[in-house]
Amino acid sequence: MTCARPADFREACPGPGWDCLPLPALVLDDKGRVAAMNDAAEIWLNISRNSTIGKTLEGEAMTKRLRVRPSLRPLIGRVTRSDEALYQADVLFEIGDRAGGHQARRAAVHAGPSGGGGGAVSILLVPLDDAGLQYQSRAVRTAARSAIGMAEMLAHEIKNPLAGIRGAAQIMGMNASAEDREMAEMIVSETRRIVTLLEQVERFGDTSSPKLSPVNIHDVLEKVRRSATVGFAQGISMTADYDPSMPPALADADQLTQVCLNLVKNAAEALTDSADPSIRLHSYYDHTLRLPPDEDDPTGRPLPLQIVIEDNGPGLPAAIADQIFEPFVSGRENGTGLGLALVSKIITDHGALIRVDSRPGRTRFRISLPKA
């Protein structure tokens with residue numbers, strides 16, 4: 001049930017991408033009342049949207065459910081007066097539980113003027129509780145690279161005898177009966193398929209760093225769109241929806257092209273049985289998005305440049321929706337399961353982010369990149 005709200009209160013509408021943000025985010029009005037909060041904020045702060053909207057974040061009515069130390073009031077006041085984005089490195093949030101106690105969580109707080117104006121302030125919380133996971137993640141990536149290096153070596157060794165097998169099958173098929181020729185062609189076809197898989201393993205095992213330089217995102221997307229339109233995406237409506245004011249990204253142009261081409265190709269394959277197939281290439285700027293802080297960047301690296309590749313297909317299979325970036329996980333028959341894993345690796349090597357939001361009728365892959 002929605003609680004009664006003050007007569008002068010107006011709930012904020014931050015936009016369609018609000019609940020897709022992976023970090024807790026809130027909007028406070030000019031009186032410090034919560035005017036909007038996303039799904040991640042509800043979960044992390046353990047407070048419901050309906051019982052919080054319209055209440056002062058640090059008011060008496062919230063004390064049993066949330067205590068903030070040090071208070072965010074001075075930070076919010078400075079943002080309101082200066083009309084600039086500000087940052088507080090370590091804030092303690094004491095979050096109420098059902099037993100009447102409080103659980104301590106810490107976060108870096110980014111605050112800035114809300115796009116709606118009128119003295120409203122947007123707040124983005126970057127949880128610090130997961131700092132240990134950052135180090136664990138690095139160790140896991142190191143171990144994974146070692147395993148991938150072994151796979152790359154084996155792939156190289158396997159390709160040599162496969163070439164001999166394929167050549168022998170081709171020669172045998174030249175003078176064979178119709179039945180034997182069919183078997184020989186099957187051997188040739190299967191060896192080619194295995195070589196393609198091994199080449200993907202080799203690319204996945206490439207540990208060289210991306211060659212970063214200023215890249216025009218729209219040049220990359222247009223190159224991908226033109227290639228797709230005359231190739232694998234013929235008959236599919238391709239819409240370009242670009243923000244013309246986007247600054248250059250810091251990226252490897254060839255690798256970013258490979259990533260976007262892979263995502264568009266996956267989208268096209270998902271639309272095989274669609275009556276009115278369409279793919280949308282979208283770019284926009286989001287100044288609130290950052291990587292979690294780490295030892296290299298205590299404030300969290302900003303990733304304001306967004307690329308979205310969206311299709312109107314059936315959505316990802318529920319059984320693999322949370323595993324699609326893992327190697328050898330595929331929703332397609334005879335799929336290698338390395339395409340999206342390679343995409344994830346390239347984006348991670350860029351120090352960037354990729355996420356997916358999928359449901360029947362709409363699948364959106366979102367890439368977040370740093371400015372050059």
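**Figure 1. Helix 7 and helix 8 cross in a left-handed manner.** A crossing is termed left-handed if the near helix is turned anticlockwise from the far one by less than a right angle, and right-handed if clockwise. The model is predicted: local features require pLDDT of at least 70 and side-chain atom pairs pLDDT 80 or more, whereas totals for chains, interfaces and linings use all residues. Residues are numbered from 1 along each chain as its sequence is written, and side-chain values use heavy atoms, with hydrogens and water left out. Helices (H or I, at least four residues) and strands (E, at least two) are DSSP runs, numbered from the N terminus. The axes of helix 7 and helix 8 lie 10 Å apart, and the packing angle is about 150°. Axes are lines fitted to C-alpha atoms, for helices over the stretch in contact, and angles run from 0 to 180 degrees between N-to-C directions. Helix 7 contributes Q255, Q258, V259, N262, L263 and N266, which meet G339, L340, L342, V343, I346 and I347 of helix 8; contact means heavy atoms within 4.5 Å. By class, this contact of helix 7 with helix 8 comprises seven nonpolar, five polar and no charged residues. Ala, Val, Leu, Ile, Met, Phe, Trp, Tyr, Cys and Pro count as nonpolar, Asp, Glu, Lys and Arg as charged, and the others, Gly among them, as polar.

**Figure 2. Helix 8 (residues 339–349) is mostly covered.** Nine of the 11 residues in helix 8 are buried, a term that denotes under 20% relative accessible area, with exposed being over 50% and partly exposed in between (1.4 Å probe, protein chains only). The buried residues of helix 8 are G339, L340, A341, L342, V343, S344, K345, I346 and I347. Just after helix 8, G351 adopts a positive phi of about 70°. For the protein chain, 40% of the 372 residues count as buried.

**Figure 3. Helix 6 (residues 217–230) meets helix 7 (residues 253–270).** The two axes come within 9 Å and cross at roughly 45°. That angle makes helix 6 oblique to helix 7; angles under 35 degrees count as roughly parallel, over 145 as roughly antiparallel, 65 to 115 as roughly perpendicular and the rest as oblique. The crossing of helix 6 with helix 7 is right-handed. The contact involves V220, L221, K223, V224, S227 and A228 from helix 6, together with A253, L256, T257, C260, L261 and V264 from helix 7. Sorted by class, the contact of helix 6 with helix 7 has nine nonpolar, two polar and one charged residues.

**Figure 4. One aromatic pair is counted in the model.** Rings of Phe, Tyr and Trp (its six-membered ring) pair if their centres lie within 6.5 Å; planes under 30 degrees apart count as stacked, over 60 as edge-to-face and the rest as tilted. The ring centres of W44 and F93 are 5.5 Å apart and the ring planes stand at 75°, so this pair is edge-to-face. Because W44 belongs to helix 1 (residues 39–45) and F93 to strand 4 (residues 86–96), the pair ties together parts that are 49 residues apart in sequence. W44 is buried at a relative accessible area of 11%, and F93 is also buried, at 2%.

**Figure 5. N46 and D83 have positive phi values although neither is a glycine.** For N46, phi is about 55°. N46 lies in the loop between helix 1 and helix 2 (49–52) and is partly exposed, with a relative accessible area of 48%. For D83, phi is about 60°. D83 is located in the loop between helix 3 and strand 4 and is exposed, at a relative accessible area of 56%.

**Figure 6. The peptide bond from R69 to P70 is cis.** Omega for this bond is near -10°. P70 is placed in the loop between strand 3 (66–69) and helix 3 (73–82).

**Figure 7. I53 and S114 are buried loop residues.** I53 lies in the loop between helix 2 and strand 3 and has a relative accessibility of 2%. The C-alpha atoms of I53 and A35 are 5.6 Å apart in space, while the two residues are 18 apart in sequence. S114 is found in the loop between strand 5 (102–113) and strand 6 (121–127), with a relative accessibility of 16%. Apart from neighbours within four places in sequence, S114 is in contact with V27, A120, V121 and S122.
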